[in-house]
Every structure is written in C-alpha cells, then in structure tokens.
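Subject: Structure for you to look at

Hello,

Here is the structure I said I would pass on. Please open it first, then read the notes below with it on screen.

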Amino acid sequence: MAAANDDEILEGFLCPICKADLKSASQLTNHFESLHSEEQDVLRSLKDIFGKAKKIILNTEDTELRETFDRALKFSYTDYYNEEQSIGVSRSSSDYFKGVRSARLERYATETNKLLIRLDKLVCNMPNDHSQRKQHEQEVVPWLDGSSVKLCPNCARTFNLTRRKHHCRLCGSLLCHDCSLFLDINVARSIVDPSAPQTSSHLDHDATEKTGLRLCEHCYNLIELRKEVQESRNAKTALVTAYEQMRSLMDQAKPAVSMYEKMCQSLFDGETTYNLSDVNALRGRIGKLAEGIDVLSKKIATFPADPGTRQARLQNSIRQAAAHFIKEDLLSLPKLPTEAQIEEVRRQRYERAERQIQMERRRMERERERHDELAGPSARERENTTNDHDDDNPLLEQMNIIRGYIKDAREGMRFEEVAILEANLKELKKEYHLQKLSSKP
Amino acid sequence: MNVIQAVKMYITKMTEESGPGMKVILMDKETTSIVSMVYSQSEILQKEVYLFERIDAPSNRDHLKHLKCIVFLRPTSVNIALLSKELRNPKYGVYFIYFSNVVSKADVKTLAECDEQETVREVQEVFADYLAVDRHLFSFNIVGCLHGRLWNQQHLQRCAQGLLALLLSLKRRAAVRYEAASEPCARLAERVRDLLRREAVLMDNNIPFNGDIPTPQLLIIDRRDDPVTPLLNQWTYQAMVHELLTIKNNRVSLAHLPDVHKDFKEVVLASEQDEFYAKNLYSNFGEIGQTMKTLMDEFQKKAKSHQKVESIADMKNFVETYPLFKKMSGTVTKHVTVVGELSSCVSKHNLLEVSELEQEISCQSDHSKHLQRLKSLISNDAVRHQDAAKLVALYALRYEKHASNALPSLVDALKARGAPEPLARGVVEVLEYGGAHARQSDLFGLQDAVKITKRLFKGLNGVENIYTQHTPLLKDTIEDLIKGKLRENLYPTLGGDDGYGRRPQDIIVFIVGGATYEEALCVHTINQAYPGVRVVLGGTTIHNSASFFQEVTSALQGVHRTHTRHIRNV
C-alpha cells in the first residue's frame, strides 16, 4: 500500500482517518498520535511512508549511490533474526573474591600499618649525626638481643668478624649484610607523606647504608607493595591528561553531530525552525572539534615511546581510533541544501499551507452560516464582545517574549532550545490565529 | 536466537562495565577467536579498547598502570595459573575478570589470594564460549573430535561446556535429544545433561519458565549419518570459498596468489561487517558474477564522474561522497579478487564436470554410466587428485552394496594417476567411517517408497539445475523435528520424552564431526520457510572436503578396519 499512496501523501499531508490536511509530516504524526492513538499499526505504516517520502525528497549523492548498491543486490536478507534478544546469563563471583581477598589482606594490613607508623617515627625526627641516628633508631624500634644468635636467620651462615650482625630498622630482627635491603630515606619520606615533593635524582642508584634504612626482606616487601599501590593510584601522566581531553571533545562532538543531522533534515523538510546559517555555524563547530581531536591524537601518537613496546602500540591505536572516529562520524556529515533548494521547498510548503487555510476558511464560513441560521443573532452578539481589546492581547506579548528568547538561544548555539521555543511560538501563532478567526465574524 | 548478537552483547557488556578510560583486553588463544568473530578491530577501538594482549605471550615488564585491563579467558587450569602470576605482579591499574564458562570456587579463591595489590574489581562468568560464525551458525574449531571411533576426552569436555554456554547465552532451557545409533552422540548428550543439572540453580534464577511455548530442543547428531555432504563441491558463494580457498575464523588467506594487492593478502568475510557478503553468501556463483558486473559498471561510471573535478563545487562534492565511495569500492574490489580466484579454480580444474558427476552419483542411480564417467574423469589430467578421490569416495558410499562394485580397481586407478597414498587410503576410510553400517538414516533414499518415486519423477522431468540437485539429509531431519515426526526410538530424549516438546519452535542442532556451509544454507532456508521456528546449527567445526578427510583419518586412527577388510590394495 505504501507505494500506491506515495503521491497522494506528497501532495498534502492528509490524515487517513479524518482526512484533514496537516501541514507537515511531523504535525500529521503528532495529530495522529494524539487523536487516533488506537490505530497504532496504521501509524507505523504512516511513518514508513514518511521515511520513503523523505528519501525521495532527499535524493542526494550518497543515498543514490547506496540505492544502486542495494539495487544491484537482488537477494533480500529478511530480518527474521532481528527478534528482541536480551543479554545472556552471567554470574558474578566478585563478592566471594573480595571476601577471600580482604580476609587475607587484613593480616598484611595490620602489619603494614605497624611498620608505617614506625617508619614515620624514624624518618620524621631523624638526626643528621650518624651516632645519634643509631640511638634514635633503637629508641623507636627495640633491637633484638643478638648475643645468643650464631647464624643469620635468613641465609643460615655463621656470624663472624667479616660477617657481622645487623638489625632490621623496622622490626629489629637480626640479619647479615648480604641479606639486608636498603630503603632510600627520601623514598621512605614520600611513602609516609605522599604530598611531600619527590626528588627523583637519587632513583638511579641503589640506596646504601648511608642514604638508606637497613631492612629485612619481609619488611622491605611489605613497604614496597605499599609503595606500588600508592604509585598506581597517582599514576596520571601527560598521556592520560591528553587522552581525557580528547575524549571530552569526542563526547561533545557526538550530540553535536546528531543535532546537525536533525537540523539538516528539518531544512530539507522545509520547516522554518532553523536557519541555514545556524546549521552552517554548527557545522563549523563540529569541524573545530574534529580539528581538536585530530591535534590531540597526533600529540598522543608522538609521545616518546620505544618502538615495539606496548606503550608505542597503545599510542598508535589511540591515534587510529581517533582518525577512524573523525572520518566515520564527523566528516561524513550530510550535505546542506542550497538557499535556492530551501526556498523551493519552503515555497511549496507555503502554497500547501495557503491552500489548506483557504479550504479551512471556506469550511468555517459554511459552518458559520449554518450555525447562524440555527442560533440566530444572539450568538453573533456574544462573539462581538471578545473582539474589542485586540492590541493588548496577552498572546502577542508572549510571542514577542519568545522571539527574544529564540534570538538569545541562537546566539549561544543552543539549538535544542531553539527547536523547543520555535515549536512554542508556532503553537501560540496558531492559537492567536484561531482566536482571531473565531472572534471575527 | 542470534548467536552473533549473543556473543556481541557479552563483549559490549565487558567493555562498558569498566567505565571510561583507556583499556587493554587480555585473552587466550580461543577467546581471541571468539571476540574476533563478532567484533572488528575498528569497532572495538571505538569502545576504548586499544591493546590486545595474549595471556600466554612472554611477559615483558613495562607497566601501564593507567590502563584498565579486561581479562577474558576460558577457565582452564593453565589460564588460572597464568592469571595468578599476572595478578601477583600486575602490569595494569585495575582488572575486570570475565571467564567464558563456569569457574570453580577453588580457582576464584586461588586468584583472590594472589591479588595482594587489590587491583581486581570484578570477577564474572559470561557464557560466550563458542565461535559465532553466522547468526544461526556456531563452531568450536575442533577438527578430529573422535580418536579411534571414541571421543577425545578433552574435546568431549570442550563441546559439552560450549553447548552449556550456548544455552545460557541464548537463555533457553532445552530438552536434549541425540542420535540413538551413535555412541559419541550419547556420550555428549549425557555430559551436557550433567552440566545442565549442576547449573540448575543458575538456570532457574535467570531463565523464566514459559509454559506457553514448547520446550526448545537440543538435537545432537553424528556426521557419520551423512558423509556425502562434506564431499560435494558447492556453488553458493560462502560454501565455495570455503571449499576452494578455506575460511578460517571468517578470514580467507589469498597470500598464495601471484600479484595480489597487499591489502588483500588476507581478507575478512564476515556478514556482520560486510553488506555485500551478507547479501550474497547464499547466492549461487552465476548470480554473483552478474551482481559483480552490474556493480563494476556502476563504479566505473562513478569513478569517471569523479575524474572531472574542475570547479571548487566538484571538489567539495567529491570529498563529501568520497568516504562512502572508497568504502564501497574497497568492498567490491575485495570480492572481485575472491570471485576471480574462484572462477579461475573452476575452469582450471574442470570443476563443472566434476560437480555434475558428484551430484548425479549422490542423487541418481545408474551404476554403469556413473562408473564409466568416473573412469574417464580419473584419467583426465586437469582434474585434481583430491577431486578424483572425492568422486571415488562418493562412488564407494553410493554403490557400497552394488553387485558389480568396482572400488578396488578405482583405488588402483587413483594410485596409477599418481594420487598420494594418504588420499587413496582416505577413500576407503571414508567408507569405513560413514558406510551403511554406521548410518541409521536412509541417506540415499533407497528404502523409502515415497523417496524412490520422487526420484523417479525427478529423473523423468529432468532437473532444474544439475549442480544443485543434492539437498543435505539434515533438511529432512529438521523438518521431521519441526513437524513432531522425528521418531523417538531413533532420536531419544534424555530423561524420557514428556511429549511436551512435540513441535518445538526453538531448535539447536549440533553435529558431532562437523557441519558444513551447505547445511548452514539449508538451516537458513528452513528459518525463512517456517515462520516462528528458529533453528541454530553448530558443529565441532565447519568442514570442507579437505578437513573432512582429516576428520575421518583421526576418527579411525589406531583401529582396524572391520567393514572394508575386503579392500586390500591400500
């Protein structure tokens, strides 16, 4: 039925139920949805027809190419697989996992905390003098009495003149020099107070007895683990910052593109909601966004990274994804109609509307005549009373206010708002028109 | 019941649950294939997934703490061990772990104990544990599932788990039916039932009972019931590409061709991403040629119009239509390359003549004529050895019980033309694998009176297309099932028939020993012909004739021939 009705629909937007001519596709759909909501499947077929009609009006290069592509493929792939399908079953074990993990980590956590408190005391008030330092360390952590210990508890070798007894500064246990590990004091400071400025010059060489704290392997590992967790929390590099900027541009671009498509469509439909200049401005803005994304992604791709590493691959992928996004989503915007085309579409629309109004008027007059004959002069008198105060009509005032708003919104490129306001304005105009019609004899 | 959609939704869920930010996905060999079947590289890049890593790759120690890691693995013990190692020394900031099947509590505990840096945010099971080849077709990529006529235990487990995952991903609670004459089918059916029972709670909580529709059915059948289909040359696009060029995970390698463009060394043929392919994968070769020609003409016209770019307006116009033009011309060039290669194969190896005889042997009955033509093709040098062997194998199956069966002399003829020894042996093995003793169905329609008369009429009227006479046995089986006529004694239901699934609407057919693209087409046609009925086909793999010979060889490894002992010359 769609094909048969195409011409008629294009002639005027007739409602198939009450035969009233609505001025545009959207109005007809609205009218239909509000008044004939019970006939929903007719509505669907109506929408199909509009889809087709739009395609015919919008006979641009792209759709033409696509149609030839479609036409060349005679096999039609029916949509019998496109039933509603919800995502399959899944099951989460996260709670169990976290339960096991926290039970286990609690043990470490108390111990790590104890060590951290000691570390804090050690580094905060550490005297510069070497002999005082030893005393200070022993005050914070009581050292184990090593008189009866003959072997290093870690490597089980005997202590003697060359292999002397040492103490872990955090737990006070005994160990030999070979088994000791050293934690740089500056690093220790940054662990205790993450806000302290980190001096990175010493990171190149390992800490020694002079510059570091002697620790046993166990304590060292716990502290090291703590350090890694802390670092991964604060790992925000230039790459991440640039990437986040790029994503935020992309997030802005997406709604702009869908808005642009809507506006473009509206122009082709001959609606007067948006101006060509509006759409061009938005197009310019999308172009700007695309440029920004392009620059940022190029910057990401050129961050220093050794070729072949994951870092390099990551940066390349980001650039590739951005390029793809720009190409597919931002540069393949539909073409705008020319002024002349818009004029033409609008003129046709206007003529249709004129015809419609004429018809309406004639119908009204006929009805009125009938009405008058029935009701007599009393009805006419009542109508006349509303006629007098037209100049200070609140509707006119409202319309002016809204026009002001539209201007503001347009300047601020808030096109969603423009659309809503335009719709309001149209309604007011209609209302005003009706009022006039009914008040004038 | 769209399997591609089902897997895709799981992957999308994974990429979205981790929130915005740069992501890396860590997979094993199998899950890499699973993902690559449904998502193209550029699609997944748009989901902020920028790196693809393999868990079994030798790890280098560059840390990328600003990355979120999506882990998608099969829950094997090897993977658990590798993942434990990864979690002890995490390379990435946070981890979201997804297993493609049921994972044991003990394994989760092991992992939790390794996560000392508290990097894990999620641990989940999602059931994307099969390769979604097409909307109605899945596979496990296992060639040689049987070993010495019995299941390879590892493969049995893999298939059972995969089928469980399939049911969970499609949210269907199915009754399990299997081919009674086949031992492997029975084993698999039992294993699937056991897994279903173990996960009964999961099923009950997530899949609502629906009393209004008949119980969906999972039907497990054996390749040995129809050894003919994988031996035939096909003339539909997808099947033909697989037979002549081999499709592996939706990818076709063209690297062996001389002067092939570097973009087409390996081409992707996926119906989800390639509109042309989606519309033509079931068209026959002649139609494709026609379509190609029309398209080429169109493009030449377009390309010409683009050449005269004179004014600024022309240029603007060109730039605006260029991306679409380029995209489509890329697609078309790809298919022209593939179709060109197919057509050169066809003419070089006399495939039209070969195929005609193949079809006649499998669908008609004229021993002396077939034997004579077979002999003349064997002596034709243009015919490839494997095509000759396929023809002899078809002859062996078709005329197994014929009084003047000439199989030994044909095998000799094969050897005489220089066919390699494994190929000649393969012919006899096919007979041993899928001869009359192994089949429960009436494959050639020799017993059923209706079928015999049908064939007679067909012979009288002449056939429409001599290259597409054959329809796979699967068609009859599924149609019987839809009509509720599939016999309970031949295809019993595990746990007894409750009579409720008599006319099922949702059907999953799984072929032990591999499915073929011809059968996929057949299922596609059934889906269209029976509104309301949805059939999904799966197999241990998707066969072409070469992989089928491998399957047969593996299935007969280490066992003595019992039904073909009389053929002594191999």
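**Where the two chains meet**

Strand β3(A) is joined to strand β5 (residues 120-126) of chain B by three bridges, and the two strands run antiparallel. Within this pairing, A:S92 has B:Q124 of β5(B) as its bridge partner. Please keep in mind that this is a predicted model.

How many residues of each chain take part in the contact between chain A and chain B? On chain A there are 53, and they touch 62 residues of chain B. On the chain A side, at least two residues each come from α4 (61-72), β3 (90-92), α5 (94-124), α8 (217-233), α9 (238-268) and α11 (310-330). Helix α11(A) gives the largest share of that side, with eleven residues. Sorted by class, the chain A side holds 25 nonpolar, 17 polar and eleven charged residues.

**A helix pair across the chains**

Two packed helices are described by the angle between their axes and the distance between the axes. Helix α5(A) packs against helix α5 (residues 105-114) of chain B at an angle of about 45 degrees, and their axes are 8 Å apart. α5(A) is therefore oblique to α5(B). Their crossing is right-handed. From α5(A), the residues A:Y96, A:F97, A:V100, A:R101 and A:R104 meet B:K105, B:V108, B:K109, B:L111, B:A112 and B:E113 of α5(B). This contact is made of six nonpolar and five charged residues, with no polar ones.

**A helix pair within chain B**

Helix α16 (residues 407-416) and helix α17 (residues 421-434), both of chain B, have axes that come within 9 Å and cross at roughly 160 degrees. An angle over 145 degrees counts as roughly antiparallel, so α16(B) and α17(B) are roughly antiparallel to each other. α16(B) passes α17(B) in a right-handed crossing. Here B:V411, B:L414 and B:K415 of α16(B) meet B:A424, B:V427 and B:V428 of α17(B). Five residues of this contact are nonpolar, one is charged and none is polar.

**A sheet in chain B**

Three strands of chain B, in the order β12-β13-β14, form an open sheet with antiparallel pairing.

Regards

Key
Residues numbered from 1 in each chain as written. Chains lettered and ligands numbered in written order. Predicted model: local features only at pLDDT ≥ 70, side-chain atom pairs only at ≥ 80, totals over all residues. Contact = placed C-beta atoms within 7 Å. Helix = DSSP H or I, 4+ residues; strand = E, 2+ residues; numbered from the N terminus. Nonpolar A, V, L, I, M, F, W, Y, C, P; charged D, E, K, R; others polar. Pairing = 2+ DSSP bridges. Axes fitted to C-alpha atoms, helices over the stretch in contact; angles between N-to-C directions. Parallel < 35°, antiparallel > 145°, perpendicular 65-115°, else oblique. Left-handed = near helix turned anticlockwise from the far one by under 90°.
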